[in-house]
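Please look over the sequence and the three-dimensional model below before reading on.

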Amino acid sequence: MSSAPEQEAVQDGPDRQDGRRGPDGHRRRGGPGHSGPPAPSAGPPATVRPGSPTPLGARFRIGPDGVAGTNFALWAGGAEAVELCLFDDAAHETRHRLTELTHEIWHGFLPGVRPGQRYGYRVHGRWDPWTGARWNPAKLLLDPYARAVDGDFGARPERTGGRPALPAELYGHVRDWPQQQIADTVRDDRDSAPYVPKGVVVGDAPDADGADDEWRDDRRPKTPWPDSVLYELHVRGFTMRHPGIPERLRGTYAGLAHPAALEHLTRLGITAVELLPIHQFAHEDHLVRRGLRNYWGYNSIGYFAPHAGYAATGTRGQQVGEFKRMVRALHDAGIEVILDVVYNHTAEAGERGPTLSLRGIDNRGHYRLQEDPRRYADYTGCGNTLHVVQPNVLRLITDSLRYWVTDMGVDGFRFDLAAALARSLHDVDMLSPFLAVIAQDPVLRRVKLIAEPWDVGAGGYQVGAFPPLWTEWNDRYRDTVRDFWRGAQRDVRDLGYRLSGSSDLYAWGGRRPYASVNFITAHDGFTLRDLVSYEHKRNADNGEGNRDGTDDNRAWNCGAEGETDDPAVTALRRRQLRNLLTTLLLSTGVPMLVAGDEMGRTQHGNNNAYCQDNATSWLDWSLLDDPRWRPLAGLTARLIALRRAHPVLRRRAFFSGRPQGQGGLRDLAWFTAAGTEMTEQDWYAPGATLGMYLSGNDIPQRDARGARIVDDSFLAVLHAGALPRSVTLPGPPWAREYELVVDTAREEQPGPVGPRSPAGGAITVAGRSVQLFRAVPG
């Protein structure tokens, strides 16, 4: 162990002689009129004990002499000095120099500092943007390991124009320097502390209702992947307008834990909620200036802290206990919790972004920089990319993941732009350090891991390439199903692959059908209802001239753009919704629904509602009382229940297409509308009708006792043509007759015992509809 010099670190000033010069020959240091932050009101040096370099973050504990206090530890590679800043309720700041330095970790133990204490850091070092060094002790920094955050990066009217904006003091450089092309090189010495949220010391003791941080494994639902049905939801948007949730709890973790919210989830039968980002996040300046906010939350700044804006009980650490209670309530209802996590970039953006945390701690040690170290490599489209190859960054991410599993009780993660995490030096590498660490970690390899398998960089599209243990959002499934039902597919080849688990993408290296997370909609893009109501985005409310959001929607408006009172159009739209949901829930793989799609939620054509924290994005629960939309929720629940009851619909292995055992049927067979098995020529022929037969007698799996699993067999007929079509049902030995289970041409579905049709007979399938039959054996 070595110690840093005890004297106060010297701040860089405008006249420091070793500063780099800009392209015009002038030094780029403090902006005009700025003399630096006030001198620290440091506590007596003796009050800071050496403490420990592990664990990182602020951890309340009892010291070796029985005195309670908090150990602070911060990795800050290359820094010259680190000050711990404590804030009282009046926002008065007291600074303590951390003098102990172990393996680039600055640490100290402060007796008497207890849970609820607010804190931040000031990190001293060189200001030299041309080499990637951007230390600026005038900027208060959020601890990357803070387990709770109090406050926000608040907006205020600018000195000129009166428009709201993030305070200029939040930027390490002079944001409004007249020469914008070099603004990021001019250091801003104004104090940012009044405008920065503070980390909060959180204790490790049981929370208010006695739950230990170490999560009891036997309380987890542990739903196997093949049995999972995912439901993507936003904590705030799901609860903000729910009439059964008390108003004070709406928009919060406590609101999601309320029995009224749980009742909807359990009635549907979903097995896991996939929560849009709940890590502490910040709002971008360009949104604040337009009077908007980041609603989705893909702008993380605190990887250990539940976003304080979703807490009903308080933000001085209470949000931690509230989040845990939400997880326990969901677990008690049999529902797993999966977090959508954003470890690919942070809210600090590019070189013109604010200095909030990692940039000021060690810019070069946290971010990927270009050959010109003043610039950031951007594989995310958000200005920066975390440098996951760096050991300290890899540690930050894996420590965060383990914390959310072991302390907060979550059951898995969906990794935003996961290809960016899998990059080694430049290229995506499936043997990258990040993937290798996850594969061998005894905690993380046991939870659900979902990749968004792409990023915006060269070679970033990696669908089907992630290794075993990982599942993937399958956008090939999304595009194929959308195209089939809007009549844009030339043949049914690709549809066959998507319905049967996408073996062309995932049948390698021991991967299984549940490697494919099948989805038709997600938070990003049209809602399901908008997918059949709009062909063109309507994003004007985002304030970007309708330029944001994709133009490749693969949507069909059923004959009228936007909302209409035409009964024929509205009836067709509801039928198309039934077709899409039925296709999704009958497909092999893991289905993912988006909250509200089961009740016809609309965003009125906005396909990029990331900044719409309002009724555009919040669920309209009155739709469940609307006779036009209520049956859709009933059909969704019926299909999920059917899936849960029949293992043939949630296979653990890919189909072989061969008979299973002597005299058996093929486990999967495909039929034409004429009732004949598909030939190679049929797959290439133009067509909009496909029959899929799933044999329940030929499931290649056994139960826990080793007994053979036998199920019903099913025939699904998917017809995307506009006109009704005569379809011949396959004759013996496939079945003696067929019992209708689901018919999307109907608003109301058949009863428990549906009408029967003889095998080999002809039926009429309505235009643009799905019929699902149970095969009655001979």
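## The annotated span

The end C-alpha atoms of residues 232-643 lie 19 Å apart, and this span is 33% helix and 11% strand, where helices (H or I, at least four residues) and strands (E, at least two) are DSSP runs, numbered from the N terminus. For residues 232-643, an unreviewed UniProt entry lists "domain: Glycosyl hydrolase family 13 catalytic"; UniProt positions are given in the numbering used here, feature names are shortened, and annotations may be inferred rather than shown by experiment.

This is a predicted model, in which local features need pLDDT of at least 70 and side-chain atom pairs count only at pLDDT 80 or more, while totals for chains, interfaces and linings use all residues. Residues are numbered from 1 along each chain as its sequence is written, and side-chain values use heavy atoms, with hydrogens and water left out.

## Two sheets

Strands of a sheet pair through backbone hydrogen bonds, either parallel or antiparallel. A closed barrel of 8 strands runs in the order β15-β16-β19-β20-β21-β22-β23-β24 with parallel pairing, two strands being counted as paired if DSSP finds at least two bridges between them. Neighbouring strands of this sheet are turned by 25° against each other on average, direction ignored; axes are lines fitted to C-alpha atoms, for helices over the stretch in contact, and angles run from 0 to 180 degrees between N-to-C directions.

Another 5 strands form an open sheet, ordered β5-β4-β8-β14-β11, with antiparallel pairing. Strands β5 (93-98) and β11 stand at the edges with a single partner strand each, so one side of each is left without a neighbour in the sheet. Strand β4 (residues 81-87) is joined to β5 by 6 bridges in antiparallel fashion, and the bridge partner of Phe87 in β5 is Glu93.

## Aromatic rings

Rings of Phe, Tyr and Trp (its six-membered ring) pair if their centres lie within 6.5 Å, with planes under 30 degrees apart counted as stacked, over 60 as edge-to-face and the rest as tilted. By this rule the count comes to 29 aromatic pairs. One of them, Tyr253 with Phe323, is edge-to-face, at 5.4 Å centre to centre and 80° between the planes. Tyr253 lies in helix α2 (residues 253-256) and Phe323 in helix α5 (residues 318-332), so the pair ties together parts that are 70 residues apart in sequence. Tyr253 is buried, at 0% relative accessible area, and Phe323 is buried at 0% as well (buried means under 20% relative accessible area, exposed over 50%, partly exposed in between, with a 1.4 Å probe and protein chains only).

Ring pairs also link Tyr145, Tyr253, Phe281, Phe304, Tyr310, Phe323, Tyr403 and Trp404 into a cluster. The charged end of Lys198 sits over the ring of Phe87, 4.9 Å from its centre, a description used if NZ of Lys or CZ of Arg is within 6 Å of the ring centre and within 35 degrees of the ring normal.

## A loop residue

Ala155 is placed in the loop between β11 (149-150) and β12 (156-157), and it is partly exposed at 45% relative accessibility. Not counting residues up to four places away in sequence, Ala155 touches Ala165 and Val288.

Definitions and conventions
Contact = heavy atoms within 4.5 Å.
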